[in-house]
Amino acid sequence: MNTPENEIFRDSIATVNEQGKRAWVYPKKPSGKFYEYRKYVSYFLLAFLLLSPFIKIGGNQFLMFNVMERRFNIFGFPFWPQDFHLFVFSMIIGVVFITLFTVAFGRIFCGWICPQTIFMEMVFRRIEYWIEGDRNKQRKLDRQKWDAEKIKKRTLKWFIFLVISFLIANVFLAYLIGSDKLLGYITDSPAAHLGTLAPLVIFTGVFYFVFAWFREQVCVIACPYGRLQGVLLDTKSIVVAYDHKRGEGESGRKKFRKNEDRQALGHGDCIDCLQCVHVCPTGIDIRNGTQLECINCTACIDECDHIMESINLPKGLIRYASEENIEKKAKFKLTARMKGYMGVLTIMFGVLIGMLFLRNDVEANVLRLPGQLYEHKEGNIISNVFTYKLVNKTTEDIADVSLKLLSHKGELKLVSTSDDFVVPKQGIAEGTLFIEIDNSALTGDRNKIKIGVFKGDQMIETTTANFLGPRSYR
């Protein structure tokens, strides 16, 4: 089947030409109301992103994602490997939250919040405008021979890009290994930490590659979020949309001519100036409708509003709107699907809050020593040997800690100099213990026992273990 002429653009992405080669995008420098709003949001998020690993609350790093040790800090709350289910549940809530926003407002996350967009458009692209100039100057410089001017500008740009990529890589490492450890590595000799230096160089190279060359291809090709739009968006979703009914009219678009009655001729308000295309960071024509490349950055809204103002036509030819709003003038309202997502999100938030309140500051695990059977002692006493591990999730040492047997009458002995000890802050105390119970108190070869962890006289945690005894033939 032949593709209709007005649908040819769907046969390939905007950043690939007819020969299948990369079509480099030279977006015009945006300006306008929404761009100013985006700058405020972006600078706030940049500060948040760059400072979060170095801010501490109660001694805990504000945000940390130490995947290797499975230790995570979320807004100052530490999550240990034993709390991994909480971290996973939090990430699921985040996915549902983004899904809800996509159903309601399209790809607004990509244009306003995504770190890739913020760094690309508000850092690297602005440096490029400063060094090489706007769209036309950049295109001219690309076609220019490698003379002194081009070498100077390109070398300066690439050097600044490399420095910023290196700084981003350091911040990224601070999230992964902790800011204290990173600062310690920086003050030491690089040769002493080659295992960290190698990832740092790799991350720097990756970030430089992304922001200096791959650019918008991350959003178009690599990121799966754009493809989710096809599943999540519907006719009621608010997206950056072109009002084709107003823009096309009965006779389609037409270039602007002074003192011409466009309405009498049946032409719409779109004057086919292509400014919305020139300003788009992914190179699409928003007039073709919603496309996976559109990141809802609003640059086309600002540019179109400026053109409409200059020719004394109403603004809003390109605006935040749903398909139903354009076709039927229907106002935004919550759909059954949105209400469903909101209900699920509310329930999940409630469950997470409950799980956080039930979370203990100390995690205890007592396990039988592998390969060891029970020992029969004098007086019909059965003895088992166990290993214990106590995890202190707080930022303070827990002193005067002791373990006591709660479920049976018996004796619990630690293999140490004393029966109480200290669990270090954000650390682990582990060792070996013996539990002795009278055989008459046992109910078979496998008995569930309960052990309490005490700080002084206050019980702070309980755990269970299996106690082996002689098989009963009664």
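Predicted model: local features only at pLDDT ≥ 70, side-chain atom pairs only at ≥ 80, totals over all residues.
1. **Around V240.** Leaving aside residues within four places in sequence, V240 is in contact with I286, N296, T298, C300, I301, I318, R319 and Y320. Several of these names return below.

2. **The core that holds V240.** V240 belongs to the largest nonpolar core, a set of 26 residues. V240 is also one of the residues with the most contacts inside that core, along with I286, C300, I301, M308, L317 and I318. Three elements each supply at least two core residues: α3 (108-112), β6 (239-242) and α14 (299-310). The largest share is from α14, with six residues.

3. N296 sits in the loop between α13 (275-278) and α14. The backbone deserves a look here. Phi of N296 is near 55°, a positive value in a residue other than glycine. Most residues other than glycine have a negative phi. Is N296 buried or exposed? N296 counts as buried, because its relative accessibility is 2%, and the cut-off for buried is under 20%. N296 is also among the contacts of V240.

4. N312 lies in the loop between α14 and β7 (318-321). Its phi is near 60°, again positive in a residue other than glycine. The setting is another matter. N312 has a relative accessible area of 72%, so it counts as exposed; the cut-off for exposed is over 50%. Thus N296 is buried, whereas N312 is exposed.

5. **Cysteines.** How many disulfides does a search of the whole structure find? The search finds zero. Take C110. The nearest cysteine sulfur to C110 is that of C223, 5.6 Å away, and C110 is in no disulfide. A disulfide here needs sulfur atoms within 2.5 Å. C110 is buried, with a relative accessible area of 4%. C270 is likewise in no disulfide: the nearest cysteine sulfur, that of C276, is 6.5 Å away. C270 counts as buried too, at 7% relative accessibility.

6. The UniProt record, an unreviewed entry, gives the annotation "transmembrane region" to residues 43-64, 84-110, 158-177, 197-214 and 338-358. Two of these spans can be set against the model. Residues 84-110 are 93% helix and 0% strand, with end C-alpha atoms 28 Å apart. Residues 43-64 are 41% helix and 27% strand. The end C-alpha atoms of residues 43-64 lie 21 Å apart.

7. **Strands β11, β15 and β16.** Strand β15 (residues 446-455) pairs with two partners named here. Five bridges join β15 to β11 (residues 398-405), and the two run antiparallel. Ten bridges join β15 to β16 (residues 458-468), also antiparallel. K455 links the two descriptions. V401 stands opposite K455 in β15, and K455 stands opposite Q458 in β16.

8. **The β15-β16 hairpin.** Which residue takes a positive phi in the hairpin of β15 and β16? G456 does, with phi near 70°. The hairpin has two residues between the strands.

Terms used: Residues numbered from 1 in each chain as written. Heavy atoms only, no water. Core = buried A, V, L, I, M, F, W, Y, C linked by side-chain atoms within 4.5 Å. Buried < 20%, exposed > 50% of the residue type's maximum accessible area, 1.4 Å probe, protein only. Helix = DSSP H or I, 4+ residues; strand = E, 2+ residues; numbered from the N terminus. Contact = heavy atoms within 4.5 Å. UniProt positions renumbered as here; feature names shortened; annotations may be inferred. Pairing = 2+ DSSP bridges.
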